[in-house]
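Please have the sequence and the 3D view open side by side before reading on. The paragraphs below are meant to be followed with the structure on screen.

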Amino acid sequence: MDDDYDTPWKEVVTHHFPEFMAFYFPQAHAAIDWSRPHDFLDQEFAALSRDAELGKRVLDKLVRIHLHTGAEQWVLVHLEVQGQYDRDFAERLFVYNYRVYDRYRRPVASLALLTDAGKHWRPSAFSYRLLGCKMRIDFPVVKLHDYAGDIDHLLTLDNPFALVTVAHLLTQKTKGNAHRRRIAKWRLTKLLYQRNW
């Protein structure tokens, strides 16, 4: 049976977006006014990505937020849950970014969370140049693999995305080993009950 990474990520990001931003993108989180509501613009984003390759294991969220300056902004959170190298990832993020801008004329921040098990794949920009014209997007990237050596520390943190990160990493680590998977699940489940989560 294949592991389902998509559904859990989609649900947890939707229900705990402020915690997601605080854990993975603390600088962006600090700029957002969390006393004002944020809205997921799933229908708007679906209309823009309808003709894109949808067979890939990706999860995208377009979120309307407010900054402390009072300005309303949109954030394109692009979560790569494919689990393997994808040479078109940075270009796809660029395309989604400009589609949102083109349709709504709003600046868009694109953020990438890479959940693949590889150490080295870390796209953070896309650009092209032609006849003196240059187009480029740089975007912040968080790689879950970078947390692999900190599992014990992550288990002590209060942010639920510390446990989500551990769950994802342990799922990758225990693939094909039902006994180790059961032990990992039991450890995380006990911790959830201890914290009344």
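What follows goes from confidence to the nonpolar cores, and then to charged residues.

This is a predicted model. The mean pLDDT of the protein is 85, with 87% of its residues at 70 or more. Where pLDDT is low, the predicted coordinates should not be read in detail.

The largest nonpolar core has 32 residues, and the members that touch the most others are Trp-9, Phe-17, Phe-20, Tyr-24, Tyr-147 and Phe-161. Helices that each supply at least two residues of this core include α1 (6–15), α2 (17–24), α6 (151–154) and α8 (178–194). Strands β2 (58–66), β3 (72–80) and β4 (108–114) also give at least two residues each. Helix α7 gives the most to the core, with seven residues.

Leaving out residues up to four places away in sequence, Tyr-24 touches Trp-9, Leu-113, Val-142, Leu-144, Tyr-147, Phe-161 and Thr-165. Another core, of 11 residues, lies apart from the largest one; Phe-89, Ala-112, Leu-114 and Trp-121 are among its members.

Now to the charged residues. A search of the whole structure finds eight salt bridges. One of them joins the side chains of Lys-143 and Asp-116, with N and O 2.8 Å apart. This pair links distant parts of the chain, since Lys-143 belongs to strand β7 and Asp-116 to the loop between β4 and β5, 27 residues apart. Are the two partners buried or exposed? Both Lys-143 and Asp-116 are buried. For Lys-143 the relative accessible area is 1%, and Lys-143 therefore counts as buried, the cut-off being under 20%.

Strand β7 covers residues 141–143. A polar atom of the Lys-143 side chain lies 3.2 Å from the backbone oxygen of Gly-118. Not counting residues up to four places away in sequence, Lys-143 touches Leu-114, Asp-116, Gly-118, Lys-119, Trp-121 and Arg-122. His-120 is 23 residues from Lys-143 in sequence, and their C-alpha atoms are 9.7 Å apart.

Asp-138 forms a salt bridge with Arg-136, where the closest N and O atoms are 2.9 Å apart. Arg-136 has a relative accessible area of 46% and is therefore partly exposed, as this lies between the cut-offs of 20% and 50%.

The last stop is a charged residue without such a partner. Asp-33 sits in the loop between α3 (26–31) and β1 (39–40). Asp-33 is buried but has no salt bridge. Aside from neighbours within four places in sequence, Asp-33 is in contact with His-66, Leu-67 and His-68.

Conventions
Residues numbered from 1 in each chain as written. Predicted model: local features only at pLDDT ≥ 70, side-chain atom pairs only at ≥ 80, totals over all residues. Heavy atoms only, no water. pLDDT = per-residue confidence, 0-100. Helix = DSSP H or I, 4+ residues; strand = E, 2+ residues; numbered from the N terminus. Buried < 20%, exposed > 50% of the residue type's maximum accessible area, 1.4 Å probe, protein only. Lys, Arg positive; Asp, Glu negative; His and termini not counted. Salt bridge = Lys/Arg side-chain N within 4 Å of Asp/Glu carboxyl O. Contact = heavy atoms within 4.5 Å. Core = buried A, V, L, I, M, F, W, Y, C linked by side-chain atoms within 4.5 Å. Polar contact = N/O pair within 3.5 Å; in protein donor to acceptor, adjacent residues only side chain to side chain.
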